[in-house]
Amino acid sequence: MKILVCIKQVINSDKIEYNAQTKTIKRSAQHLINNPADLSALEFALKIKDAYNDAYITTLSMGPDECKNKIKELIEVGCDSCVLLTDKRLVGSDAYSTAYALAKSIEKLGDFDLILCGESSLDGETSIVPPQIAEYLNIPHIASASDIKVLDTQRIEVERKLENQLFRFEVKLPALISVKKDSAYLRLPKLSLMLKALCYTPQIVNLADLENFDFSKVGIEGSKTLVNRFIEQSFDNNKCEIYENIDDSQIECIANIVMRLI
Amino acid sequence: MEYFLSEEQKIIKKLAKRISDEYVSKVAIKYDKEGIFPRDILNLLAYTELTGVYIPKEYGGFGGGVMEMCLVVEELSRNCAGVAVSYAATALGAYPIILYGNEEQKKKYLPKIAKGELIAAFALTEADAGSDVSSIKTVAEKKGDYYILNGSKHWITNGGEADIYVVFAVTDKSKGPRGISAFIVEKGYEGFYCGKKEDKMGIRSSSTTELIFEDCKVPRENLLGREGTGFIVAMKTFDRTRPGVAAMAVGIAQGAYEHAVRYAKERFQFGQPLSSFQAIQHMLADMYINIEAARSLLYSTCRMIDSGIKDFSKESSACKVFASDVAMKVTTDAVQIMGGNGYVKDYPVEKMMRDAKVTQIFEGANQIQRNIIASEIIKEY
């Protein structure tokens, strides 16, 4: 089974800085992390690989060259190959442009039985890239999966948990599934794989490598959405009240209030 | 301080640090309180392949040496020395096989130890034979295809939890230390029992028990090395594992120091943080100096051993003595800096102080280490 997992390198949420002029997020390499929901998707892929020896996992990322170091971490947990789509012309792409570029890359990389994505990225939170990729590729899509089971080489079962309901879908492959954050936690790396990652370089794909690529669909110009303005919210520390040396009954009282609020 | 570790060693340290900070730190206080053996953490170490760092490549390990083993022990000890010693005791049980096992024994046990499928232990100490190894009373009598072991062992780390034990017994009483032999005893052998579990001051998540041998039948092929070489097997093993105790000590000291520095910056008295008082600053500075000195001696010793140099008893003992004394001093000072909070079990430093004590005692008390160092020095000049 050939599995592709889309993994975005995002800025750690407490380290986000904006470029006020371009209204985009600054990506400084030292604060990059692999998007948590995408890592949940990767864990599902790895579980399939645990069960089926012939499963082969490729990851696809889109971003600047600085993403390479974070991509290496994917090899450390057991991915077979990693691809980075990088091109200056992609800077400023919105969800629509991103989905188009990713779909074209996937077409180039080959036929995949299963494509997994995180439900949304920590920085954009749009949740629309995965369904758009599926639309471009003309394959079925299920969003917000909480569990994935392989039934046979042709079919998988996907669970989606809502507050009071559980949906169970059976899907024919190839299909694209977006996975809910925290539905699985990525495993620890292995020493031998960390050594492999040490000298691993992700495969680089540029837009020029993609067939029949419509350049007018990407970048700030090609994007359908435009960010009008940023409003930064700051947490005012002066509003925090710190209580020290509180006793058990006070803790219980606070816990009760919190429980009512959530 | 920059220690110029190789890329591989940096990776091992990073991986062990991650497990220590993300997993060991969360269970350290609970496991200490309830005396829970850290099998879950050992399973993680096995999954991540850190169980095999010191096992030769041809037997399924990473092919590292004492340095690699010490890096793992040090990082685990930063959060819990009990967990670290449970890992390190397997190395203590594996080294006699690495050093003196025959091909069959190595093939049978080392790959499984590397994979974390087998936990090992080292059984030398007895009620009346600790530092004085030659006084052991457990006997092994050859009968046909078996050796019959009788006697008991005390304070055996990983006792009851280990799958294989390297056991030392007297095969020829008339020959003194040259009459001791080493055997690989598997859990479940007839006549082999696990006795009382010790209620210890520190390293409480590790298992320390008595072992009892009552006409225990050990197959002849489980003799390690030749008959009568047990004393050498034990001493050469200790030379390689004493740095492990030093690594444990450095890790405990580092953990206590980190807690103390953070606390000194957060705790306010007289309207200013503790860290602004010179009395505290000097204690923190001394902690740093001592820890780096201990780590420098430890890493230098490891590099010396792994380079293939033959005689390193003096250096191995020196790093164990120095690092364990540093750990005791640093943890005591960490408790002092943290005052009442340092003395209660809500904070980990009181545990670290209890854990540090054993590093001055086990794998040869510091007094016997000084004897070893002194005798080597006197021989040299």
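Helices are DSSP runs of H or I with at least four residues, numbered from the N terminus. In this predicted model, helix α2 of chain B spans residues 39-47. Just after α2(B), Glu49(B) takes a positive phi of about 75 degrees. The helix itself carries a set of buried residues: Ile41(B), Leu42(B), Leu44(B), Leu45(B) and Ala46(B). These buried residues pack against three helices of chain B, namely α1 (7-34), α3 (66-77) and α4 (81-100).

Positive phi values also occur elsewhere. Most residues other than glycine have a negative phi. Phe4(B) is not a glycine, yet its phi is positive, at about 50 degrees. Phe4(B) lies in the segment before α1 of chain B. Its relative accessibility is 67%, so Phe4(B) counts as exposed. In chain A, Ser127(A) has a positive phi near 65 degrees. Ser127(A) sits in the loop between β8 (114-118) and α4 (129-137) of chain A.

Backbone geometry in chain A includes a cis peptide bond. Most peptide bonds are trans. The bond from Leu173(A) to Pro174(A) is cis, with omega near 0 degrees. Pro174(A) belongs to the loop between β12 (166-172) and β13 (175-179) of chain A.

The two chains meet at an interface. Chain A and chain B bury about 1,300 Å² between them, and 72% of this area is on carbon and sulfur atoms. Three residues, Leu188(A), Leu191(A) and Met194(A), supply 52% of the area that chain A buries against chain B. The contact takes 9 residues from chain A and 16 residues from chain B. Between chain A and chain B, the count of salt bridges is 0. Polar contacts across the interface involve 2 residue pairs, both at pLDDT 80 or more.

A nonpolar patch lies on the surface of chain A. Its members are Tyr243(A), Ile246(A), Ile251(A), Ile254(A), Ile257(A), Val258(A), Met259(A), Leu261(A) and Ile262(A). Together they have about 950 Å² of accessible area. One member, Tyr243(A), is placed in the loop between α6 (219-222) and α7 (248-261) of chain A. At 57% relative accessibility, Tyr243(A) passes the 50% cut-off and therefore counts as exposed.

Val150(A) has a buried setting. The residue is part of strand β10 (residues 147-150) of chain A. Its relative accessibility is 16%, under the 20% cut-off, so Val150(A) counts as buried. Beyond residues up to four places away in sequence, Val150(A) touches Met1(A), Ile48(A), Tyr52(A), Arg155(A) and Ile156(A). Val150(A) and Ala51(A) are 99 residues apart in sequence, but their C-alpha atoms are 9.3 Å apart in space.

Chain B holds a buried polar side chain at Asn222(B). Asn222(B) is found in the loop between β7 (208-219) and β8 (223-224) of chain B. With a relative accessible area of 4%, Asn222(B) is buried. The side chains of Asn222(B) and Tyr189(B) are joined by a polar contact of 2.9 Å. Leaving aside neighbours within four places in sequence, Asn222(B) is in contact with Tyr189(B), Gln105(B), Tyr109(B), Ala182(B), Phe183(B) and Ile184(B).

Key:
Residues are numbered from 1 along each chain as its sequence is written. Chains are lettered from A and ligands numbered from 1 in the order in which they are written. This is a predicted model: local features need pLDDT of at least 70, side-chain atom pairs count only at pLDDT 80 or more; totals for chains, interfaces and linings use all residues. Side-chain values use heavy atoms; hydrogens and water are left out. Patches are made of residues with over 30% relative accessible area and no salt bridge: like charges are joined within 9 Å, nonpolar side chains (Val, Leu, Ile, Met, Phe, Trp, Tyr) within 5 Å. Accessible areas come from the Shrake-Rupley method with a 1.4 Å probe; for residues, only the protein chains shown count as cover. A salt bridge is a side-chain nitrogen of Lys or Arg within 4 Å of a carboxyl oxygen of Asp or Glu. Helices (H or I, at least four residues) and strands (E, at least two) are DSSP runs, numbered from the N terminus. Buried means under 20% relative accessible area, exposed over 50%, partly exposed in between (1.4 Å probe, protein chains only). Contact means heavy atoms within 4.5 Å. Buried area is the accessible area (1.4 Å probe) that two parts lose on being put together, summed over both. A polar contact is a pair of N or O atoms within 3.5 Å; within protein, one must be able to donate a hydrogen and the other to accept it, and residues adjacent in sequence count only if both atoms are side-chain atoms.
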